[in-house]
Amino acid sequence: MNNPLELEQVVLSVRDILAQLLVLDADEISADSAIVEELGADSLDIVDLSFQLGRQYACSLPKTSVLDHTVAVCGDAEAFLQAGRLTDDGVELLQQSLSAYAPGQLKAGMQPADVFAATTVRNWALQCHNLFNHLPAQCPECAGEQARLNDRQQVVCVGCSARLTPLDGDSVSRALVEQFVAARVAAVA
Ligand SMILES: [Zn+2]
């Protein structure tokens, strides 16, 4: 099914949730604000953000980091993280993840904590938005194939208005790592 979410709308949702969590004025938060480095969020705030965003949009955002998924897929994270620092492949992998880090946003040599610190409001919105690229092929209620937004900005079926839920965030995140690794092996071979 199609992804009817608009990124700008999800950015506004992330901004509103953070304003409330961090007791900030929403106007102080932009799409490019780094949530930890600039807004001062801590890891508990991030857990709360993930939970609230998932509840609002009826999706389950990834709980495991992309780099941890590489360990599950490859046995270790060596191709992506050497001596605790991102490799060029690690940067590229994160650019192709659900959070879709922009070119130039991350650099080889950064540590995972630096990536965490540099993650912006937009990256969080992208993670949620891009997860909806992974809706089921058909509505589980009526087998319809089209999705739309209702007036509460919820993703529902055009045919029967049932709320639609994408695949689990960790399954999608892991599948993206598997695709990246397969493409990399194909390129070397
Ligand atoms: Zn339906």
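Helices (H or I, at least four residues) and strands (E, at least two) are DSSP runs, numbered from the N terminus. Welcome to a predicted model, in which local features need pLDDT of at least 70, side-chain atom pairs count only at pLDDT 80 or more, and totals for chains, interfaces and linings use all residues. Residues are numbered from 1 along each chain as its sequence is written.

**View 1**
Starting at the N terminus, you can follow the elements in the order α-α-α-β-β-α-α-α-β-β-α. The C-alpha trace spans about 50 × 45 × 25 Å along its principal axes. The radius of gyration, taken over C-alpha atoms, is compared with a globule rule of 2.2 Å times the number of residues to the power 0.38. For 189 residues a compact globule would have a value near 16 Å, so the chain's 17 Å agrees. A residue is buried if 20 or more other C-beta atoms (placed from the backbone) lie within 10 Å of its own, exposed if 12 or fewer, and partly exposed in between. Of the 189 residues, 32% count as buried. Two residues are in contact if their C-beta atoms, placed from the backbone, lie within 7 Å. Among contacts between residues at least 6 apart in sequence, 61% join residues at least 24 apart.

**View 2. S60, in the loop between α2 and α3.**
Is S60 buried or partly exposed? S60 counts as partly exposed because 19 C-beta neighbours lie inside 10 Å. Leaving out residues up to four places away in sequence, S60 touches G54, D168 and G169. E28 is 32 residues from S60 in sequence, and their C-alpha atoms are 27 Å apart in space.

**View 3. A58 and A143, two alanines with positive phi.**
Most residues other than glycine have a negative phi. A58 has a phi near 60° and sits in the loop between α2 (43-57) and α3 (66-74). A58 counts as partly exposed, because it has 14 C-beta neighbours inside 10 Å. For A143, phi is about 65°, and the residue's place is in the loop between α6 and β3. With 12 C-beta neighbours inside 10 Å, A143 therefore counts as exposed.

**View 4. The crossing of helix α1 (residues 7-22) and helix α6 (residues 121-131).**
Two packed helices are described by the angle between their axes and the distance between the axes. Here, axes are lines fitted to C-alpha atoms, for helices over the stretch in contact, and angles run from 0 to 180 degrees between N-to-C directions. The axes of α1 and α6 come within 8 Å and cross at roughly 120°. That makes α1 oblique to α6; angles under 35 degrees count as roughly parallel, over 145 as roughly antiparallel, 65 to 115 as roughly perpendicular and the rest as oblique. The crossing of α1 and α6 is right-handed; a crossing is right-handed if the near helix is turned clockwise from the far one by less than a right angle, and left-handed if anticlockwise. In α1, L7, V10, V11, V14, R15 and L18 meet V121, R122, W124, A125, L126, C128 and H129 of α6. The residues of this contact divide into 10 nonpolar, one polar and two charged. Ala, Val, Leu, Ile, Met, Phe, Trp, Tyr, Cys and Pro count as nonpolar, Asp, Glu, Lys and Arg as charged, and the others, Gly among them, as polar.

**View 5. α1 again, now with α2.**
The axes of α1 and α2 come within 10 Å and cross at roughly 135°. That makes α1 oblique to α2, and their crossing is right-handed. Look for S13, V14, I17, L18, L21 and L22 in α1, which meet D45, D48, L49, Q52, L53 and Q56 in α2. By class, the contact of α1 with α2 has seven nonpolar, three polar and two charged residues.

**View 6. The packing of α3 with helix α7 (residues 169-188).**
At what angle do α3 and α7 pack? The angle is about 60°, with the axes 9 Å apart. That makes α3 oblique to α7, in a right-handed crossing. From α3, V66, H69, T70, A72, V73 and C74 make the contact with S173, R174, V177, E178 and V181 of α7. These residues divide into six nonpolar, three polar and two charged.

**View 7. L149, in strand β3 (residues 147-149).**
L149 is partly exposed, because 13 other C-beta atoms lie within 10 Å. Not counting residues up to four places away in sequence, L149 touches P4, Q154 and V155. E6 is 143 residues from L149 along the chain, and their C-alpha atoms are separated by 9.4 Å.
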